[in-house]
Amino acid sequence: MHENKYPLVSDARDPRFLILCSLQTFQGRFRTGLYIIEGIRHLARAVEHNARIESVFLDTSVLSNPFGQKLARRLRKRGVPGVRFSRQLYRDLTLAAEPQGIGAVLRQQWTPLSHLGTEPNSLWLAVESIESPGNLGTIIRTAEAAGVTATLILSPDCDPYDPATVRATMGSLFSQKLVRCSQHEVTSWAKSNGVAIVASSPTGLMDYKALRYRFPAVLVIGSEKRGLSDQLLEAADFVVRITMHGGCDSINAAVAAGVLLFEMASQRR
């Protein structure tokens with residue numbers, strides 16, 4: 001296989017391996033502006049959406065899928081640099097229970113808030129603080145499915161490029177515009193552009209199905225534990241609730257985002 005032309009690394013002290021290990025940490029990703037993905041589906045979607053692939057890493061001993069092999073050859077022909085890792089080193093880089101033998105290092109893509117166009121029917125999602133990387137990834141995947149234009153990240157602790165988040169997006173990360181901004185910036189942007197701010201809270205006065213949403217709109221989702229901050233609740237044009245039954249007083253943040261986004265998307269259509 002042409003993939004075998006990439007140099008082989010089997011020493012855990014090799015700088016090429018240590019660099020990828022650093023991208024498993026927030027500090028490493030923040031310092032370099034890079035992140036890692038693993039698996040055929042994720043890499044195929046990255047190629048499909050012309051994501052900035054800096055390099056690939058392989059374990060050719062398990063890369064048996066013909067499409068995965070073809071993908072590796074295609075990237076090599078494009079001049080993308082790469083490295084082969086021993087099976088143990090590769091396993092140290094992946095969260096997959098059954099690694100597929102192919103991964104990549106990509107450049108993070110952030111869109112400035114000022115570059116977002118405000119079409120009359122636009123729908124955005126703003127995430128104030130989601131502690132669980134898996135939940136954040138599911139939210140990004142749901143946002144793509146609901147037709148969200150961009151996902152706004154309002155907390156520095158919320159990292160869409162965490163490996164667990166990337167894995168949970170199932171490739172939706174590459175088709176979603178991501179914006180990093182503050183609470184103040186998003187509220188100022190919304191007011192300046194006539195964007196309705198819709199907040200979700202158990203204390204909301206109106207059931208989410210009873211509201212006739214006004215577009216363009218941005219839905220704001222808060223922390224699983226603390227909900228939305230007082231600043232965002234006060235800035236919201238509408239505060240809606242999802243009515244609970246039985247003994248439940250709250251639901252998973254990703255589930256709440258899905259319920260609200262699809263209701264808003266259905267009214268937009």
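**Cysteines and burial**

Analyst: Start with the disulfides: a search of the whole structure turns up 0. Bear in mind that this is a predicted model.

User: How do you know that cysteine 181 is in no disulfide?

Analyst: Two cysteine sulfurs must be within 2.5 Å to count. For cysteine 181, the nearest cysteine sulfur belongs to cysteine 158 and is 11 Å away.

User: Why is cysteine 181 called buried?

Analyst: Buried means under 20% relative accessible area. Cysteine 181 has 7%, so the label buried applies.

User: And what makes cysteine 21 partly exposed?

Analyst: Its relative accessible area is 22%. Buried needs under 20% and exposed needs over 50%. Cysteine 21 falls in between, so it is partly exposed.

User: Why is arginine 29 called buried?

Analyst: Arginine 29 has a relative accessible area of 3%, and the limit is under 20%, so it is buried. This arginine is found in helix α2, residues 26–32. Leaving out residues up to four places away in sequence, arginine 29 touches several residues, including Leu34, Tyr35, Gln108, Asp159 and Tyr161. A touch here means heavy atoms within 4.5 Å.

**The parallel sheet**

User: What makes β8 and β10 edge strands?

Analyst: Take the order of the open sheet of 7 strands: β8-β7-β6-β11-β9-β12-β10, with parallel pairing. β8 and β10 (206–207) each have a single partner strand, so one side of each has no neighbour in the sheet.

User: How do you know that β7 pairs with β8?

Analyst: Pairing takes at least two bridges. β7 and β8 (residues 177–180) have 4 bridges, in the parallel sense, so they pair. In this pairing, threonine 151 stands opposite leucine 178. The chain gets from β7 to β8 through helix α7 (residues 163–169), in a right-handed β-α-β crossover.

User: How many bridges does β6 share with β7?

Analyst: Strand β6 (residues 123–127) pairs with β7 over 3 bridges, in the parallel sense. Valine 127 stands opposite isoleucine 153 there. Helix α6 (residues 133–145) carries the chain from β6 to β7, again as a right-handed β-α-β crossover. That helix lies across β6 and β7, at about 175 degrees to β6. β6 also runs parallel to β11 (residues 217–221), joined by 5 bridges. Alanine 126 has valine 220 as its bridge partner in β11.

User: Which way do the residues of β7 point?

Analyst: Ala150 and Leu152 point one way, Thr151 and Ile153 the other, and all are buried. In a regular strand, side chains alternate between the two faces of the sheet.

How values were computed:
Residues numbered from 1 in each chain as written. Predicted model: local features only at pLDDT ≥ 70, side-chain atom pairs only at ≥ 80, totals over all residues. Heavy atoms only, no water. Buried < 20%, exposed > 50% of the residue type's maximum accessible area, 1.4 Å probe, protein only. Helix = DSSP H or I, 4+ residues; strand = E, 2+ residues; numbered from the N terminus. Right-handed = clockwise from strand over helix to strand, strands pointing away. Axes fitted to C-alpha atoms, helices over the stretch in contact; angles between N-to-C directions.
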